[in-house]
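Dear colleague,

Please find below the structure that I am handing over to you.

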Amino acid sequence: MADPNGFLKFTRGDAPKRPAGERINDWDEVYARQPAAERDQQVRTQAGRCMDCGIPFCHSGTAGCPLGNLIPEWNDLVRRGDWSQAGDRLHATNNFPEFTGRLCPAPCEAACVLNATPAAGGAVAIKRVEQTIADVSWESGLVPPRQAAVTSGKRVAVVGSGPAGLAAAQQLTRAGHDVTVYERDDRLGGLLRYGIPEFKMEKKVLDRRLAQLRAEGTRFVTSCEVGVDLTVEQLRSSYDAVVLAVGALRGRDAPEIPGRSLSGVHMAMEHLVPANRACEGDGPTSVDAAGKHVVIIGGGDTAADCLGTAHRQGAASVVQLDQYPEPPSTQDFAVSPWPTWPLLIRNYPAHDEGGSRKFSVAVQRFVGDEDGHVRSIELRQVRVGRDADGRRVVEPVSDEVEVIPADMVLLAIGFEGVEHMPLLDGLGIPLSGRGTLSVDSAWQTSTPGVFACGDAHRGASLVVWAIAEGRSVANAVDSFLTGSSELPSPVQPNLLPLAVV
């Protein structure tokens, strides 16, 4: 077992980053490339902090990792230097650990027993260990294609090539089904391709995994909008089951703010997608922050992605606005007790690169010039509360108006759900009140033989939940086609993270 005193001997150590002044001049990943021997030794030390808890909350489905990653097991294997076995344990529960190791905010670390008290020195650096296991596995040739021994003769269509769709496709292909993934964009990956900036995950990491899926037998069709280019009739007649993993890409807008229609006010994805296309070699971006005073409205992952992108494009200044008060820098266990997700200020690597943040403010008006282009924003201090019916209310707390310059405004205030699309109309599947696709206990929609998973079912969420739902829907589809399944099913459709309400 792991050294029970490891956390007393060693302090937590996160992966080193490249200097901010260096990394804003390129699109490479923000983390430094260490010599393999140095990296591996550091990570073995970090894995040695794991206590091999009797009840490992880190892979609890509600408090920690929904995939059920066998974290104490592969921590101990890494501590002993057995990278091959560690890779096997990791891939047993996670199809794409190189994605989660780079992109997941690590609820496993929030639920780590060492995070229960500051005296323990902080959670085990699980995310760093996970990414290193994945990287070592690829470097050592330990991730070969796994082809099915027998075929079922059943055909499955997966609509959407994000992490949920890819996980479902890989599991079903390995179970012996004939799987085709349809993607309406010209390249595969969904938000992994065009939503996640290169500096968070270089696309060669995605392309490497896609090559494995192809070698296993999964087919891919790009530039095909199902329901238009491939009709619903063709879809239903050609496949025995359909998985909808279409994401929840309908961005939340703010049409009520005066001046919203001014030129230069964009949804976040109108900024991120062309920036990622530029990195793919498709030519200059159509929404460039170079030399501009950029204001980002929103405080989450997407806002941080816009922030880092604006830095690399050469913005003159960047200000990030948030309606909520500034969260604390240390966990208040009375407000967010362990092992729930802690209420803390999230400092992304992009925040180390420049820019400023304003909290408890709301936009009163976008102000434009005579040509109809945004030039400034009027702000007021606000308080966010709830009315008698529990609905969120944003109330001004001062009559004072602050004016800040803005040549470009990016709305990164979340997503409202699944986009309206001909495919859903053709299948007769309505959106729920949350803008998502409802499913029964077997992941099946109201249309027989059609299943849904990932953000399309859950709403905009974490990459780790997308993969977990993709693996679970594969089990449901396999059972639907063959009568039973031995594929893992880590989560149920109604499972929610543990939270304080």
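With which side chain does the side chain of E98 make a polar contact? The partner is the side chain of R209, at 2.7 Å. Please note that the model is predicted. E98 belongs to helix α6 (residues 97–103) and is buried, with a relative accessibility of 0%. Beyond its neighbours within four places in sequence, E98 is in contact with A134, W138, M201, V205, R208 and R209.

Turning to the nonpolar cores, the largest has 90 residues, of which V156, V243, L244 and L423 touch the most other members. Helix α17 (residues 463–482) supplies the largest share of this core, 11 residues. A second, separate core numbers 19 residues, including L262, V295, V361 and L411.

As for charged pairs, 40 salt bridges were found in the whole structure. One joins D282 and R187 through their side chains (2.9 Å, N to O). D282 sits in the loop between α13 (268–279) and β7 (293–297), and R187 in the loop between β2 (178–182) and α10 (191–194), so the pair ties together parts 95 residues apart in sequence. D282 is partly exposed, at 37% relative accessible area.

R375 and D407 also meet in a salt bridge (3.2 Å, N to O). This pair links strand β11 (residues 374–386), which holds R375, to the loop between β13 (402–405) and β14 (408–411), which holds D407. R375 is partly exposed at 38% relative accessibility, whereas D407 is buried at 15%.

A further salt bridge pairs D387 with R391 (3.1 Å, N to O). Finally, salt bridges with shared partners connect D186, R187, R193, D207, R277, E280 and D282 in one network.

Yours sincerely

Methods:
Residues numbered from 1 in each chain as written. Predicted model: local features only at pLDDT ≥ 70, side-chain atom pairs only at ≥ 80, totals over all residues. Heavy atoms only, no water. Helix = DSSP H or I, 4+ residues; strand = E, 2+ residues; numbered from the N terminus. Buried < 20%, exposed > 50% of the residue type's maximum accessible area, 1.4 Å probe, protein only. Polar contact = N/O pair within 3.5 Å; in protein donor to acceptor, adjacent residues only side chain to side chain. Contact = heavy atoms within 4.5 Å. Core = buried A, V, L, I, M, F, W, Y, C linked by side-chain atoms within 4.5 Å. Salt bridge = Lys/Arg side-chain N within 4 Å of Asp/Glu carboxyl O.
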